[in-house]
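This report describes the pockets of a protein model and the surroundings of its ligand. Please consult the sequence and structure shown here while reading.

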Amino acid sequence: MKQIKIIGNQTLTGTITVSGSKNSALALIPASILCDEQVTIDNVPKISDIEALNEILTYLGAKVTRENGAMAIDSSTIVNKEIPEEISKKLRASYYFMSALLGKYKKVEMYFPGGCKIGARPIDQTLKGFRALGAKVIEKDNKYTVFADKLIGARVYLDMPSVGATINTILVAVKAEGETIIENAAKEPEIVNVVTFLNNMGANIRGAGTSTIRITGVNYLKKCYIEVIPDRIEAGTYVIAGALIGKNLKIDKIIPEHIEALILKLKEMGFDMNINPDNLIISTKNNLKPIKVTTLGYPGFATDLQQPMTALLTKCNGESIIDETIYENRFQNVPYLNQMGANIKVSEDNRKIIIKGETKLNGAKVKATDLRAGACLVLAGLVAEGQTIIEESEHILRGFEKIVDKLQAVGAKIEIEEI
Ligand code: EPZ
């Protein structure tokens, strides 16, 4: 097991460069198998979730070459066979192989995907998309067999703007006969990155980034190149680190528009920031105003920044509120923050927290229960008095490339060890 150790209260100054987006790369890699020629995906983050996907690619027989941040994928050698549970359950994004294999071979067999334990996370909307295009779905003992003689374009109305269901419906529709229209689609930038990739291959997709996406099926997808967009959640997490304990901390290689909701909330708290086309500079300050945050689909406040933001709200003078509208179990970091000295109450329905501040945090031995809860505890450890030890830090490495190196480079006393 890995643990991160932090000696807190060290001012952070200098530049942190953001890596490629985890949630974009996790969709681009499975999407690549729809291509009839080789593709190149650049700016791929070096994180354990990518290794898990690469394991599935290799298991299926694709040829993968990697150089620096680029991944060349030739899927012409793939054999469409059942994806075993032990590799599909490592992450949620494994289910993008379900739609890509179905879209390419009209048949797929795989088990229910894994992912952070932050709620039930059903896949009913993805299956709804498959069925709408004419596929049959058999679910038995957590294994899905999905097949179709033909995939025919259809209108798919999503009950909620699910990121995964939007991407899965696009991947199954891109080579289907005729037009598919997705309504109430999610609008996340990662979806736009995936659609740009597919259109670079010769697909015919319009409306990505809006709630109505139109896909006209094509027969052939050609060789192409795509760059993974910057990780807006990694960017937002480091911006919050700067708000907590930064002095002119520069977060570089970002798209500020992608974290607009966060920037507006920081301004509400009283922060000034120097925002430039591809970076942001922030310093900490006192007398922070308490705020209310409601997590929403993009362009609303990202649920993946909710837990990191909680660490910052412990510094406000007064009562802040967070409403978590996306997941039913995303406050597992709260008991550990309270153990460190915070004063946070969780509502009975586990959908709202009230954070009373300002409270001083003290170092403690805590545990990362999921990726973003772990990120929150790293931020708390950076401002806490004394030493913080974060057990099960593997969760954090799933989504943050070189987090210890990047923070050490701007002055943090942080290390990671195997125990
Ligand atoms: C993506 O998950 C991200 N993961 C999540 O990031 C992120 O929290 C989420 O989008 C929302 O922004 C990846 O991209 C790999 P959803 P996804 O489908 O696609 C419910 C991180 O920390 N729902 O938009 O799984 C679902 O249970 C991760 O990087 C259904 O009920 O999210 C959830 O409550 C965590 N049925 C809500 O909708 C469905 O068929 C949003 O889920 C699909 C979703």
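## Shell around the ligand

With three residues, α5 gives the most to the shell around the ligand. The model discussed here is predicted. In total, 22 residues surround the ligand, and D124, S162, D304, I326 and R372 are the closest. Sorted by class, this shell holds nine nonpolar, six polar and seven charged residues.

## Polar contacts and burial

An N or O atom in the side chain of D124 is 2.7 Å from a ligand nitrogen, and an N or O atom in the side chain of R372 is 2.7 Å from a ligand oxygen. The backbone also takes part: a polar backbone atom of V163 is 2.8 Å from an oxygen atom of the ligand. The ligand exposes 830 Å² when taken alone, and the protein buries 90% of that area.

## The largest pocket

Two or more residues of the shell around the ligand come from each of α1, α5, α6 and α12. At least two lining residues are supplied by each of α1 (22-31), α5 (124-132), α6 (163-173), α8 (232-245) and α12 (371-383).

## The second largest pocket

The second largest pocket has a volume of about 280 Å³. It is lined by 15 residues, and those nearest its centre are N9, K315, E358, K360 and V383. Four of the lining residues are nonpolar, six are polar and five are charged.

Notes. Residues numbered from 1 in each chain as written. Predicted model: local features only at pLDDT ≥ 70, side-chain atom pairs only at ≥ 80, totals over all residues. Heavy atoms only, no water. Helix = DSSP H or I, 4+ residues; strand = E, 2+ residues; numbered from the N terminus. 1 Å grid on protein atoms, 1.4 Å probe; cavity = no way out; pocket = protein on both sides within 12 Å on 5 of 7 lines; lining within 4 Å. Points joined across faces, edges and corners; volume = space filled by probe spheres on them. Nonpolar A, V, L, I, M, F, W, Y, C, P; charged D, E, K, R; others polar. Near = heavy atom within 4 Å. Polar contact = N/O pair within 3.5 Å; in protein donor to acceptor, adjacent residues only side chain to side chain. Areas by Shrake-Rupley, 256 points an atom, 1.4 Å probe, with all protein chains shown as cover.
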